[in-house]
Amino acid sequence: PFGNLSDCPNGSRWIMDVFNECAQDSRDVASIILGLGSIACFIAAAFPQFYQACRTGIMDQALSIYFLLGWLGGDLLNLIGSFLADQLPLQVYTAIYYVLADLAMLSLYCYYRLKNGGRAFPAPINAAFVFLSVGSLSSLSLLGSASTEDPGTFKGRSLLSAPGDELGPKPFSRTEIIGFTIGSISSVLYLCSRVPQICTNYKRKSTSGISYSLFALVMLGNSLYGLSVLLKNPEPGQGQGDYILHHLPWLVGSLGVLALDVVISFQFLVYRKGRPAALEERDALLGEQDES
């Protein structure tokens, strides 16, 4: 069976069966529920931007390509690092959805850039896009094959340690060190990805073409994600500080970007009456001519 309840005394059967994760008390169950809530927020976050892009047709002007590439790069490294560093199963599942949503967002961006007759991307951006796309698809296929071949290894954390273990630091394995390093780079990319979008909004003096619901839901999702990790009980024999240390890059990546998302939220307030984009001005003029 996917989950072995004998390794998790007094654990929730449905959580073990569905997520292969040990939840023995209300704190663990709350962690699972918050994690599911964060996934729901991230799933819902992309759709308002897709609608806004189709309605205005200026997604290529409103969003920074560096913001999207940085976001995809951070999510890809987050996925690989979460798997290698033995993170919570919900963290891995959430990371998989991140990558898929980013690829869809980038595809829509490229579509509107071509439709609006935009200039071709410079060679470095094209190379980065191809590299990240191929890397994302390769990582998803490898993770999928790994979980299919040996489902018992795809559980994110050890379900049980020996009860007699002394409370103390849990040593990092070599694979976890690699995953921890990749997760740290992912956090840096998350933080850096917001800067180009902040600069783009500032230069345009407008947030037209961007859905604020995207950032609002991402902020909520990141908050729930961080709380779900913090609420989870450490493994038997592991101290709270050591548990946080093992999850630190992912906590920084989720909670650290909240400050920059607050800056973007402030831009939405300041530029809510900003100049419309060129395409919207043209549509307005054409509408006036039709009426006359």
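This note goes through a predicted model point by point, from the overall fold to single residues.

1. Basis. Because the model is predicted, local features need pLDDT of at least 70 and side-chain atom pairs count only at pLDDT 80 or more, while totals for chains, interfaces and linings use all residues. Residues are numbered from 1 along each chain as its sequence is written, and side-chain values use heavy atoms, with hydrogens and water left out.

2. Overall make-up. The protein has 11 helices and 0 strands; helices (H or I, at least four residues) and strands (E, at least two) are DSSP runs numbered from the N terminus. Along the sequence the pattern reads α-α-α-α-α-α-α-α-α-α-α. Of the 292 residues, 48% count as buried; buried means under 20% relative accessible area, exposed over 50%, and partly exposed in between, with a 1.4 Å probe and protein chains only. Among contacts (heavy atoms within 4.5 Å) with a separation of 6 or more, 82% come from residues 24 or more positions apart.

3. Helix H5. This helix covers residues 89-115, which is 27 residues. From first C-alpha to last it reaches 40 Å, close to the 39 Å expected at 1.5 Å a residue; the expected span is 1.5 Å times one less than the number of residues. Just after H5, Gly117 takes a positive phi of about 70°.

4. H4 against H5. Helix H4 (residues 65-84) packs on H5 at an angle of about 155°, with the axes 9 Å apart. Axes are lines fitted to C-alpha atoms, for helices over the stretch in contact, and angles run from 0 to 180 degrees between N-to-C directions. The angle makes H4 roughly antiparallel to H5; the classes are roughly parallel under 35 degrees, roughly antiparallel over 145, roughly perpendicular from 65 to 115, and oblique for the rest. The crossing is left-handed, a term used if the near helix is turned anticlockwise from the far one by less than a right angle, with right-handed used if clockwise. Residues of H4 that take part include Leu68, Trp71, Leu72 and Phe83, and those of H5 include Val92, Tyr98, Met105 and Tyr109.

5. Ala46 lies in helix H2 and, at 5% relative accessibility, is buried. Leaving aside neighbours within four places in sequence, Ala46 is in contact with Tyr97 and Met105. Ala46 and Met105 are 59 residues apart in sequence, yet their C-alpha atoms are 7.7 Å apart in space. Met105 is also one of the H5 residues that meet H4.

6. H2 against H8. The axes of these two helices come within 8 Å and cross at roughly 165°, so H2 and H8 are roughly antiparallel to each other. H2 passes H8 in a left-handed crossing. Gln52, also in H2, is buried with a relative accessible area of 14%. Not counting residues up to four places away in sequence, Gln52 touches Gly57, Gly209, Ile210 and Ser211.

7. H8 against H9. Here the axes come within 10 Å and cross at roughly 175°; the two helices are therefore roughly antiparallel. Among the residues that meet are Tyr225, Gly226 and Val229 in H8, and Tyr243, His247 and Trp250 in H9.

8. Salt bridges. Side chains of opposite charge can pair when their charged atoms come close. A search of the whole structure finds 2 salt bridges, defined as a side-chain nitrogen of Lys or Arg within 4 Å of a carboxyl oxygen of Asp or Glu. One joins Lys232 and Asp28 at 3.7 Å, N to O. Lys232 sits in the loop between H8 (212-231) and H9 (240-255), and Asp28 in H2 (residues 26-56), so that the pair links parts of the chain 204 residues apart. Both Lys232 and Asp28 are buried.

9. The other pair. Arg194 and Asp261 meet at 2.6 Å, N to O. Arg194 belongs to helix H7 (residues 174-204) and Asp261 to helix H10 (residues 257-270), 67 residues apart. Arg194 is buried at 2% relative accessibility, and Asp261 is buried at 0%.

10. A backbone point to check by eye. Most residues other than glycine have a negative phi. Lys205 has a phi near 55°, a positive value in a residue other than glycine. Lys205 is placed in the loop between H7 and H8 and, at 31% relative accessibility, counts as partly exposed.
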